Structures are given as structure tokens and as C-alpha cells.
Amino acid sequence: MSVQLLSPAGMAQPVPYHHVSIATGTRHVQVAGQVGRDADGKPAGDVDDLADQVAQALRNTARGLAGAGASFADVVRLRFYVTDWTPEQMDEFMAGVARVADEVGLPQPLPPSSLIGVEVLYAPDVRVEIEADAVLD
């Protein structure tokens with residue numbers, strides 16, 4: 001495996017992600033921002049449901065990785081952008097992650113991740129956007 005995930009002693013615990021990833025390999029894969037829409041551009045589930053959008057965006061991210069011959073096992077960094085973020089939404093956000101973690105092979109805890117609250121994304125019905133960086137042998 002080209003990616004080792006860890007959370008060294010003395011770093012905040014518990015968190016739903018690892019603090020550090022160590023990658024070796026020669027192929028770097030970056031998956032551009034994936035959102036909670038299907039292949040036809042239709043919003044997943046209830047457009048106001050953050051969990052639905054997170055789940056679909058993770059499915060789309062998995063498809064992007066697979067297209068490059070990668071999987072979430074190769075991911076060294078995830079970035080989540082969420083509109084109108086408040087800490088009270090964390091349970092709903094994590095419900096979306098849990099809904100598809102097994103389906104898409106998402107490790108738990110997650111690879112090093114950032115959740116960034118933003119005012120707006122490119123369309124009013126888009127609540128979440130995910131970017132992934134992976135390294136392959």
C-alpha cells in the first residue's frame with residue numbers, strides 16, 4: 001500500500017479523521033470538487049438534506065478515483081466545502097459519510113481531512129463539494 005494513515009500521540013483525539021498521511025508513489029491523482037448531483041446533474045435526494053448531498057458527493061469522488069485506477073485507500077487528503085456551515089450540522093454531515101463508507105470503501109477514521117465552511121458554492125442547491133488527493137505506486 002502506498003499510503004499510511006496515522007494520528008501521533010499528543011494530537012487531538014478522538015476526531016473522525018487521521019491527522020497525518022505518508023505516501024510513496026509516482027502517480028498523483030487529484031479529483032476536482034464533486035457535489036451531491038447524479039450523472040445527469042440532478043440533486044441527490046432532498047436538496048436541503050446535507051447527509052444526502054455528502055453521500056452522493058462521496059460516491060462521485062469514488063467514481064473519479066476509480067477512473068484513475070485509485071480508491072479511497074490511496075487518498076492522502078480530503079477537503080470538504082459546506083455552505084452555511086455551523087457546528088450543529090456535524091451529526092448530519094457524518095450521517096452522510098456513514099451512509100456510504102462501506103459502499104465506497106472509505107476508511108474510518110477518514111484520511112486527513114478539512115471541513116471548510118463557505119457562504120456559497122457554484123449553484124444555490126449545492127451544499128457540499130469534495131476534493132480528493134491520492135498517490136499511487
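At 22% relative accessibility, E131 counts as partly exposed, where buried means under 20% relative accessible area, exposed over 50% and partly exposed in between, with a 1.4 Å probe and protein chains only. E131 forms a salt bridge with R79, the closest N and O atoms being 3.2 Å apart; a salt bridge is a side-chain nitrogen of Lys or Arg within 4 Å of a carboxyl oxygen of Asp or Glu.

This is a predicted model, in which local features need pLDDT of at least 70 and side-chain atom pairs count only at pLDDT 80 or more, while totals for chains, interfaces and linings use all residues. Residues are numbered from 1 along each chain as its sequence is written, and side-chain values use heavy atoms, with hydrogens and water left out.

**Salt bridges**

- The structure holds five salt bridges.
- Side chains of opposite charge can pair when their charged atoms come close.
- The bridge between E131 and R79 joins strand β6 to strand β4, so it ties together parts that are 52 residues apart in sequence. Helices (H or I, at least four residues) and strands (E, at least two) are DSSP runs, numbered from the N terminus.
- R79 is buried, with a relative accessible area of 18%.
- R79 also forms a salt bridge with D133, where the closest N and O atoms are 2.8 Å apart. This second pair likewise links distant parts of the chain, with R79 in strand β4 and D133 in strand β6, 54 residues apart.
- D133 counts as buried at 17% relative accessibility.
- Salt bridges link R79, E131 and D133 in a network.
- Elsewhere, the side chains of E103 and R59 meet in a salt bridge, at 2.8 Å from N to O. E103 lies in helix α2 and R59 in helix α1, so this pair ties together parts that are 44 residues apart in sequence.
- R59 is partly exposed, with a relative accessible area of 22%.

**The sheet**

- Four strands form an open sheet with mixed pairing, in the order β3-β6-β4-β5. Two strands pair if DSSP finds at least two bridges between them.
- Strands β3 (27-35) and β5 (113-118) stand at the edges with a single partner strand each, so one side of each is left without a neighbour in the sheet.
- Neighbouring strands of this sheet are turned by 10° against each other on average, direction ignored. For such angles, axes are lines fitted to C-alpha atoms, for helices over the stretch in contact, and angles run from 0 to 180 degrees between N-to-C directions.
- Strand β4 pairs with strand β6 (residues 128-136) in the antiparallel sense, over seven bridges.
- The bridge partner of R79 in β6 is E131, the residue with which R79 also forms a salt bridge.

**T83 in strand β4**

- T83 lies in strand β4, which covers residues 75-83.
- T83 counts as buried, at 5% relative accessibility.
- Leaving aside neighbours within four places in sequence, T83 is in contact with V118, E119, V120, L121, V126 and R127; contact means heavy atoms within 4.5 Å.

**Nonpolar cores**

- The largest nonpolar core has 27 residues, and those with the most contacts inside it are L58, L65, F72, L78 and L106. A nonpolar core is a set of buried Ala, Val, Leu, Ile, Met, Phe, Trp, Tyr and Cys residues joined through side-chain atoms within 4.5 Å.
- Two or more residues of this core come from each of β3, α1 (50-67), β4, α2 (90-104) and β6. Helix α1 gives the most, with seven residues.
- Not counting residues up to four places away in sequence, L106 touches L58, F72, L78, V97 and A101.
- Another core, of five residues, lies apart from the largest one and has V35, L121, A123 and V126 among its members.

**Aromatic pairs**

- There are two aromatic pairs. Rings of Phe, Tyr and Trp (its six-membered ring) pair if their centres lie within 6.5 Å; planes under 30 degrees apart count as stacked, over 60 as edge-to-face and the rest as tilted.
- F80 and F93 form an edge-to-face pair, 5.1 Å centre to centre with 85° between the planes. F80 in strand β4 and F93 in helix α2 are 13 residues apart.
- Both F80 and F93 are buried, F93 with a relative accessible area of 3%.
- W85 and F93 also form an edge-to-face pair, 6.1 Å centre to centre with 85° between the planes.
- W85 is partly exposed, with a relative accessible area of 22%.
- Ring pairs link F80, W85 and F93 into a cluster.
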